[in-house]
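Here are a few friendly notes to read alongside the model.

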Amino acid sequence: MQWSGSKVGVALLLLGMGCVESAPTDSSISETGQELDVVEGVALDPAPAVLPRLTSEQYHRAIHDLFGSEVIPPSGLEPDSDQGGMISVGTAISSVSPLGAEQYAKGAAAVAEQVLATPESRAAFLPCVPSGTVDADCARQAIDAWGLRIWRRPLTGAEVDAHVAIATVSMETLGDFHQGLSYALSALLQSPHFLYRHMEGEAVEGDSGIRRYTSWEMASRLSFFLWNTIPDDLLLEAAASNALVTDEGLAEQVSRMMGDERSGGAVANFFSEWLHLYKLKGLTKDPTVFKHYSADLGESAREETLRGVEHLVFQEDADIRTLFTTRRTWVNKRLAAIYNIPAVTSEGFGEVMLPLEGQRAGFFGQVSFLGLHAHPVSSSPTLRGVFVREELLCQSVPSPPADTNTAIPEPSPDAITLKDRLQEHMTNPSCAGCHAFTDPIGFGLESFDGIGRYRILDNGGAIDPSGSLDEVEFADAIELMEGVANHPEFPACFVEKLYAYANSRGPTPGEAALLAQLTDTFITGGHRVLPLMEAIVMSPGFRQLQETTP
Amino acid sequence: MKLNRRTLLRGMLGGAVIGVGLPPLEIFMNVHGTSYAGETADGFPRRFCLFSWGNGMLPDRWVPASEGEGDAWELSDQLMPLAAFKSDLAVITGMRVGVPNIEPHHATAAGMLTGMRILKEGDDWTFAGPTIDQVIASEIGKESLYKSIEFGAKPGDGLSFNGPHSRNPPEQSPLALFDRLFGSGFSLPGEEGVVDPTLALRRSILDVVMEDMKAVQKAVGAADKARLEQHLDGIRDLEKRLAKLQEDPPNLAACEYPPTPEDEYPNIEGRPQFQEKNKAFADISAMALACDQTRVFSNMFTKPLTNSLFQEVSAGHHQLTHDEPGEQPQVHQITIQCMEAFAAQLESLAAIEEGDGRLLDHCLVFATSDVSQAKLHSGDDFPILIAGGAGGTLKRDIHYRSPSGENASKVLLTMCRAMGVDLPEFGSDEGHVTVGLPEIEV
C-alpha cells in the first residue's frame, strides 16, 4: 500500500538483505502517548478530499434503502477494484469504463421503471397524486424528495428544474405520467452526485486555518463508514440542522448509528476488505486432490469468519486480537468435515469450540485464511507469510527479482517436505532476502494443507511446524498465532487499515501524529473495534480537509 | 433461442431472397463519401484484435528452428495448434521487453502492451498509459457502435487500459457479451433503424448527467478530473450509440446472429471449461466485427499469473511454472492449450467471408503474453504472434527472429502503421522507439 512503510527492528534487519525498500520512519508509534484528547491538540495536516465511487455493495444497499427489497438492483455494475487489497481505497482511484457507464445507465433505468411500475409501488414512493398525464408540480415534489435521499443533499433549484424538464418532456412524449417521471428518476440515479461522493468542505468561520467537511458531507461520511450505505432520514435531518459539524451533534448520531443493526454490515465489510474475504468467492481447489472441496466452500468460509467477527466485535466487544487465538467458531457441515470435528447442525452454521489440545484456533485455523493463501493443489508458506506481513503488520514485501531462476528445489532424500525445500531455496542469496521475511511465518502453518485440513506428513516427510517471527521462535501454529496477536506492530497496522477504510485513502504523512495517538487510544482501550471506529469519526482526520486546488 | 438470419430476412421482405456478397459497403464510407484511413484495398475497414494469455511459454519449444518466409520455416512444438493458419501467421521472436522488471508478470505485460514502464505506487501498480488496443481504437473505433470490446475465458481484471487506474473490464460471461451486442436494440442488415421515442428521452438524460459531471469536474483535482473525463467518454459513447440505433444498420453481407452461448460454463473437476467458453467468445466477437459493431476487441484468454487448473495437468498454471521440475511438460501442455484457444479465435475470423476473402484477411490479430519464460519472469525473447496481415500491409507465413534482442515496441509501432494509425514514435524510456520492424512490413 502506498502509505505502508516498515517500522521497527525487523525492517532494519532486513534492510541489510535488500528486502525492505524504504528506511523505517517510526511514524506510527507515539513518542509520548500523553495526548489523550482525540479531538483537540494533535498536530494535523489534513489531507485533501478524495472522490470515492460507490462500491457495488454500497450501490445495492442504497437501492435497497431507497426503494425496498421489491426492487431488484442491476446485476452488472462496474467491477470494484482494490488498492492495496482494499476496495474502499481502490474506489477512490479507479475510473469508470465505457462498459461501466453503460451499465450505470441501464441499471438506473431498470430501477426507475420498477419503482413506478405498480400502483402499490407508486403509492409507496410518490409524495403526491398526479392530476393528469403531465403534472409538473407533482413531478417537482417527487424529484425534491427523491433527490435529497439519492444525492444525500438538497438539490439546487436549477438541478430540480433540469430533472422536472426531463420528466415533463417524457410525460408529453409518452403520454404517461409515471413512465415520464421514471426518466427523471433514472437521471438522478446515474448522476455523479449519486454515484460518487463529492466533497468540497467549507471554511470554518472565525478560524481561518481550518477547513471542515460540511454537515451534509459528514452525513455521507458517517453513513458509508458506519453503515456502508446511504444516510437515513434522521441523519439527513441532523445534517440539515448543521448538527454534524459540532462535537455533540456528531457524537449523538455516532452513538445512534453504532447501535443500529446496519453497523453490523459495515463492520463485516471492513473485515471482508482487510482480511481479503471478498476474494473467497472465487476460491478454487483441485477436487481430485482435495475431496472436501466444493464450489460453495469459499462462501462458507467467509460466513464462518464473519460470524466470529460479529461475535467478537458486537457480542463481546472483545480485544480484536482474540480473532487470532479464539477456539470458538461457527461451522457448517462442510467446514466441520475439513476441521475433522462433529457437525453441530445439519443445516446452516452452528457454534463450536475447537479442541483445546489441537493446533487449530483463530483466523489462521480457518479455511478463509488457509485455503485462500495457498495453491489449488498445495499449501504455500510464502503466500501465507506475505499476507501476515502486508495485511496484519503493514510491512512491504518486495516483488521477486527478475531473471532469477525461481524454481524451488525438487524433493530429495534430504529435503522431502516443502519446508525443507524452501529452506534449501533460501540458500540462494537473491531469494533469501524476501523468503526469509515471509516463509518462516508460513512454516508454522504447514500443519494445514492447501484447503486447511490438519496433517502431520507432507510428501511422506514429518512436518516440523516450528518457525520464527521477527526473531521470536515459535514451536507450532498456536505459538505463531499468539506471536502475531502480540506483535508490537499489529495495533498500529490495524488502526492504519481501519483509518484507510474510513477515509477511502491511505494516511498521509501529515496524519502521522494523529494515527499514533489513535493507536495509543486503541491499545489503552483494550484493542476494541467499536471504540476505535468512534475515535476515528470524532478525530479531526475524519472531519477536516485541505482545500482542493482544481 | 437461435435466430436464423435468412428466415428473419425472408419474413421481413416477404420471401424475397437476399443476395449474398453485397457490394462493399457504403457504410464503410464516411459522411464525405470517401473511405476511412485504415481501409483495405478491397474496401473493408481494418480491424485490430488482441489475444493474450498468462504465464508465457517455454522458449526452447516455442521458437521455430528456422527463419524466413514460406517453406523456409516450420512451426515449433508449441505453435503446432496453429498449423491450419501457418500461411496467415507472422512469428516474431528474439524481441526484448526492456522496461525495468519491478513487478514480475505485470511490468513486462505493461512494457509489451504500452511500450512504457509500469507505474508502481508502493506495493500497488497500474499501467502508465493506454494499451495498444486502445491506442488503435482511439483512431479506428470512432465510427463503430462500440469503440472496443473486451472479454476472456478467465481474464481477471483484464489488461486493456485507457491510462492509469482506468481499465476496460472484460466481460466474463459469453451470454452477457451476446446480450450486450446482439440483444434488444440489435438490427440485422436489411432491417430498419429503431423508431423509438425513448431514445431521444434517454439522450436527454445523458445530457443532464454530463452537465452534472462537468460541474463536479470543475471542483476537483487533476487526477479526479481525469477519472471523470474517462467516465464522460463512456457516456459520450453511449449517446453516440443511441443516435446510431435510429439509423439503418450497416448493409453487411456477412452479418448474422452468432450462436447463442450457454448460460454458464461451470467448472468440471475444478477446471474451467476454457476451450468451450473461448469458442463462444470467439464466435460472438468475430460476428461483432462482421456486423461492424466494433473494430477492436481484446480476448484476454487467461490473466498474467493465472493459477487456474487446466485440463490434463496436476496443479495451477502459475505454480507449475515455478515448481515443475525438468523440462516442464505440464507447463508445455498448458501453453499448447492456450494456442488451441488462439487457433479457435482465428477459426472464427476465418470462417466469415467478407468481400473476396475472409474477415481474417482484414484483421490484425496480435497475440502475446505477460512474460516469455515464466520461471524466470523474463522479458527477453518475448512471445509475439501476428495473424491476418492487416489487409495486406504485413507479411504472412514468416518467422522473423531478431538477431540482437530488438526493442519489442518496434512491433507496436509497426502494427499501428499497418492499421493506418500513423504515429512517429511509440512508448517511452526503455520502450521508446521511432522505427518499426520493416522486416515484417509489406
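1. The sulfur of B:Cys416 lies 14 Å from the closest cysteine sulfur, in B:Cys49, which is too far for a bond; a disulfide here is a pair of cysteine sulfur atoms within 2.5 Å. B:Cys416 counts as buried, at 0% relative accessibility (buried means under 20% relative accessible area, exposed over 50%, partly exposed in between, with a 1.4 Å probe and protein chains only).

2. A word on the ground rules: this is a predicted model, where local features need pLDDT of at least 70, side-chain atom pairs count only at pLDDT 80 or more, and totals for chains, interfaces and linings use all residues. Residues are numbered from 1 along each chain as its sequence is written, chains are lettered from A and ligands numbered from 1 in the order in which they are written, and side-chain values use heavy atoms, leaving out hydrogens and water.

3. Over all chains, the structure holds three disulfides. One of them joins B:Cys255 and B:Cys291, with sulfur atoms 2.0 Å apart, and is right-handed, with 95° about the S-S bond. B:Cys255 is buried at 2% relative accessibility, and B:Cys291 is buried at 5%.

4. In chain A, A:Cys394 is bonded to A:Cys493, S to S 2.1 Å. The torsion about that S-S bond is about 80°, so the disulfide is right-handed.

5. Do look at strand 13 (residues 384-387) of chain B, where B:Ile384 and B:Ile386 on one side and B:Leu385 and B:Ala387 on the other are all buried. Strands (E, at least two residues) are DSSP runs, numbered from the N terminus.

Methods. Helix = DSSP H or I, 4+ residues; strand = E, 2+ residues; numbered from the N terminus.
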